[in-house]
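Please read it alongside the coordinates.

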Amino acid sequence: MPTIIALDVSLSMIRTIPGRSEENAITYHQLAVKGISQLLEYLSNLSKLEYVALLTFSSSCELKVDFTRDYDQIKQVVKKVESVDKLCLMTLMKNVGSIFTSNWGTQSQCQVIVFTDCGLGFGSTSLTTFLQNYIGKEQEADYSWVKALKPVKWNFICLGVHGDSYFTRALGVYQQMLDLTGIKGQLYMTKAPKDAENADAATSEPLKTAITGHKSELGRTAMFEMIEKLCDANYKPYEVLLKCGGYFRLECPVLLWPPPLPFQPLDNDKTPPLTLSNKLEICGYLPLSDIGSPASLSRHLIIPKIEREKPSRRSSDKSGSASKISTDKTPKLDVNNANYEYEKLEQEIRDFYTKEVKDADETGQPSEEAGEKNPTSAAAAPLNEMQKESMCVLLHGALKVENLAALVLLNSSRSWFGFLYSYADSKKKSNLMLNILPPGNNVIPWLGDLQMLGFAEDLLPGDTAAFPVKADKRSYSQSCVVWINRVSLQSDIQKVLRHAKKMPEKTQHFYKELNRIRRAALSIGFIELLEAMATLFDKEAINLTALNANPECTIQLKHASIELRKPSNRDLKVSIVPVPVQTVNPTAQGVPPQVVAPPGGSFAY
């Protein structure tokens, strides 16, 4: 999920941390910069796919770096940040909501990491004033921005010493703010020193701060510990075991990114949330054309987990390991292992194909010549990450070539399924993806019960496969409206506006497309689209009037705008019809008015 790093640049951040010597003096701002660098270092090692943005806030908020995966850019920018003025936490929270929704929408989730000394602010913009005004007025329009922060998790890196009474009081106010607003969040702070509890109450405040603000309480070590706790809680890779069949070699640990969230049914909040099992088992394979595009909860990237060997510190270790590799001929097999027979068979096959190399070594033939005959002679050399075998590579290549998807059992207790497939985001690069379906057996209606799927070879003689269903006559008259991305919705709206500018010739086409979009929006509950179209028609009517367009365009657009806003027209069976042509002034269209004779039959001059 995307991450926003917010750095407090108020004047209080340039204070020197108390209790440190002049040689090791460091300000809160400098310590925060080191913490940000440590956080980015962790993400670059274990979460390279995270999108990160950098914000600075005081009385105003500024976006320094937009969402990017270039962590080095953020490191360079954060070093040039300067302090500004007083603190206002509400400004940060309002801007985070707008930045997050404009980039990721309201359905995604976001992490916000705030580096601050927990200032409360001053006057009407302080945090305490906000809490006093917010209690009892949660539903008012002035505090509607709080609802936009529901999918955002706030992590406050609290920079301060426990001997500072202002800091300890601010911690309680920050926690109260999270509890009253219902915003998900957590405060990360240093551990209180033991001597703070036994400090003499009669000690003066400056002296007490100097005693309790020991150098070990808040410094680089304490900052790195807070960053480590933060990363373990929010950025720990989600590891599972992917198993394919009964062969023990066809399984490997993989990482899911982004980490899947527990599933909580909307109609039943009392049941515990459903989580993925530690072992994902592949049940079978289906053509991608049979699966189609079913409703899904989330999609995740499958990354093979690679065990990186720790480098030895001493050169003697390297020489010892090298000699060990060269002297060890065959690995010893464990007789008590359940897979002993399989491993023994594999070892015999491996020895058979490397026999030529062993014979060459015994006769004293140079290793280079042996290597030319059989490339496996370099097996003694350590393998890098790209050379290590992985079942994911085999599975990904097979699914990509055969255009198949692998049905995966995510949780056997609740019949929760998903499917693996090869997804290509460009012509040259493809990835192995996991599509998580809603829990249940009948989540793909055209496939039926997923537990009843079988093999095509199991059909009796004379039987034919019941899927895919071939209908002689289609049950629908036209293709349905599908808005998967923003472009398809924009093209439909632009088509309606093009017909509007060509009225009265395109009046029927205008209302046909308008009713088509209106029914599609009502079918999925997209009521906001109707109001947006009505507002768009009002603006277009004003523009066409300024351009001296046909007056019927303006009248029909205003009529459509009014009809879209009527609650009675929110029925799928009701269609919006054009305004009668008789209401349009004929002289405005360039048609001379018809002269009607008086009842007497003669004209009066």
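Notes on the predicted model

1. Lys-243 and Glu-251 form a salt bridge through their side chains, with an N to O distance of 3.2 Å. The two partners fall in separate burial classes: Lys-243 is buried because its relative accessibility, 17%, is under 20%, whereas Glu-251, at 29%, is partly exposed. The model in which this pair is found is a predicted one, and a search of the whole structure gives 12 salt bridges.

2. On the overall make-up, the chain has 605 residues, of which 36% are buried. Its secondary structure amounts to 18 helices and 13 strands. Taking contacts between residues at least 6 apart in sequence, 68% connect residues at least 24 apart. The accessible surface is about 37,200 Å², and carbon and sulfur atoms account for 54% of that surface.

3. A helix pair deserves a look. Helix α15 (residues 486-501) and helix α17 (residues 527-546) have axes that come within 12 Å and cross at roughly 35 degrees. This crossing is right-handed. On the α15 side the contact involves Leu-489, Ile-493, Val-496, Leu-497 and Lys-501; on the α17 side it involves Leu-529, Met-533, Leu-536, Phe-537, Glu-540 and Leu-544. By class, the contact residues of α15 and α17 are nine nonpolar, two charged and no polar.

4. The side chains of Asp-492 and Arg-516 pair at 3.6 Å, N to O. Asp-492 belongs to α15 and Arg-516 to helix α16 (residues 507-523), so that distant parts of the chain, 24 residues apart, are linked. Asp-492 is buried at 13% relative accessibility, while Arg-516, at 21%, is partly exposed.

5. In the pair Asp-538 and Arg-565, the closest N and O atoms are 3.2 Å apart. Because Asp-538 sits in α17 and Arg-565 in helix α18 (residues 551-565), the pair ties together parts that are 27 residues apart in sequence. Asp-538 is partly exposed, with a relative accessible area of 29%, and Arg-565 is partly exposed at 34%.

6. One runs from Trp-257 to Pro-258, with omega near -5 degrees; Pro-258 is in the loop between β8 (251-257) and β9 (279-287). Another joins Met-503 and Pro-504, with omega about 10 degrees, and Pro-504 is in the loop between α15 and α16.

7. For Asn-403, phi is near 60 degrees. Asn-403 is in the loop between α14 (391-402) and β11 (404-411) and is partly exposed, with a relative accessibility of 47%. Asn-548 likewise has a positive phi, about 60 degrees. Its loop lies between α17 and α18, and Asn-548 counts as exposed because its relative accessibility of 71% is over 50%.

Note on methods
Residues numbered from 1 in each chain as written. Predicted model: local features only at pLDDT ≥ 70, side-chain atom pairs only at ≥ 80, totals over all residues. Heavy atoms only, no water. Axes fitted to C-alpha atoms, helices over the stretch in contact; angles between N-to-C directions. Helix = DSSP H or I, 4+ residues; strand = E, 2+ residues; numbered from the N terminus. Left-handed = near helix turned anticlockwise from the far one by under 90°. Contact = heavy atoms within 4.5 Å. Nonpolar A, V, L, I, M, F, W, Y, C, P; charged D, E, K, R; others polar. Buried < 20%, exposed > 50% of the residue type's maximum accessible area, 1.4 Å probe, protein only. Areas by Shrake-Rupley, 256 points an atom, 1.4 Å probe, with all protein chains shown as cover. Salt bridge = Lys/Arg side-chain N within 4 Å of Asp/Glu carboxyl O.
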